[in-house]
Amino acid sequence: MKIQSYVENVLQPKLQGDGGWVEFVKCENGTLTLIFRGECSKCMILHRCCDWIEQQVKTDLGIDVRVEAVRKKPYFQDV
């Protein structure tokens, strides 16, 4: 899937640079569902990042999506 590859290969590295992590869940009916971990999971301005992701997807892939953000604790806290 093109959008999943974009999230994993383009967006993930950019967010990792700030201590965050994003995982692709699904893209259905114009909604891109992403799990945010690490620093992203506690970010107070995550909505701005979601707006940025929506714009990047539209610019780079030509797809209009709305990002649904799911916050998760860092991996080591999930167990």
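These questions and answers cover a pocket, a loop residue and a strand pairing in a predicted model. Local features need pLDDT of at least 70, side-chain atom pairs count only at pLDDT 80 or more, and totals for chains, interfaces and linings use all residues. Residues are numbered from 1 along each chain as its sequence is written, and side-chain values use heavy atoms, without hydrogens and water.

Q: Which helix gives the most to the lining of the largest pocket?
A: A pocket is an open set of points on a 1 Å grid over the protein atoms alone, where a 1.4 Å probe fits, with protein on both sides within 12 Å along at least five of seven lines; lining residues have an atom within 4 Å of a point. The lining includes L46, R48, C49 and W52. Helices are DSSP runs (H or I, at least four residues), and strands are E runs of at least two, numbered from the N terminus. With four residues, the top contributor is helix α2 (residues 46-61).

Q: Is N29 buried or exposed?
A: N29 sits in the loop between β1 (20-28) and β2 (31-38). Its phi is positive, near 50°. Buried means under 20% relative accessible area, exposed over 50%, partly exposed in between (1.4 Å probe, protein chains only). Because its relative accessibility is 81%, N29 counts as exposed.

Q: What is the bridge partner of T31 in β3?
A: Strands pair if DSSP finds at least two bridges between them. β2 and β3 (residues 66-71) pair in the parallel sense over six bridges. For T31, the partner in β3 is R66.
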